[in-house]
Amino acid sequence: MAQQRLDNDYLPEDQSKVIAATKIIGGGESTTITFSTSGLEKGGDYTFFCSFPGHWAIMQGKFIVN
């Protein structure tokens, strides 16, 4: 099993649950992401988080599809 690491943007080997992802960015940098919500279920609760080690604890939130 491959480990999550910088050269794969700290994403899991099995990305079946990943809806969208950005490249890792450095301090002071920013990024944006656009993705289709057509496959998301109404009433669904979708968590997003930073996959960089240690960041997920405070860098997370959720989308709620209405």
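Aromatic contacts in a predicted model

User: Phe48: buried, exposed or partly exposed?
Analyst: Phe48 is partly exposed, with a relative accessible area of 39%. Here buried means under 20% relative accessible area, exposed over 50%, and partly exposed in between (1.4 Å probe, protein chains only).

User: What's the model behind that?
Analyst: It's a predicted model, where local features need pLDDT of at least 70 and side-chain atom pairs count only at pLDDT 80 or more, while totals for chains, interfaces and linings use all residues. Residues are numbered from 1 along each chain as its sequence is written, and side-chain values use heavy atoms, with hydrogens and water left out.

User: How many aromatic pairs turn up in the whole structure?
Analyst: Two. Rings of Phe, Tyr and Trp (its six-membered ring) pair if their centres lie within 6.5 Å; planes under 30 degrees apart are stacked, over 60 edge-to-face, the rest tilted.

User: What's the geometry of Phe35 and Phe63?
Analyst: Edge-to-face, at 5.9 Å centre to centre with 70° between the planes. Phe35 sits in the segment before strand E1 (45-49) and Phe63 in strand E2 (residues 60-64), 28 residues apart. Strands (E, at least two residues) are DSSP runs, numbered from the N terminus.

User: How accessible is Phe63?
Analyst: Phe63 has 40% relative accessibility, so it counts as partly exposed.

User: And Phe48 with Phe63, what kind of pair?
Analyst: Tilted: 5.0 Å centre to centre, 40° between the planes. Phe48 lies in strand E1 and Phe63 in strand E2, so this pair ties together parts 15 residues apart in sequence.

User: Which residues make up the cluster?
Analyst: Phe35, Phe48 and Phe63 form one aromatic cluster.

Conventions:
Helices (H or I, at least four residues) and strands (E, at least two) are DSSP runs, numbered from the N terminus.
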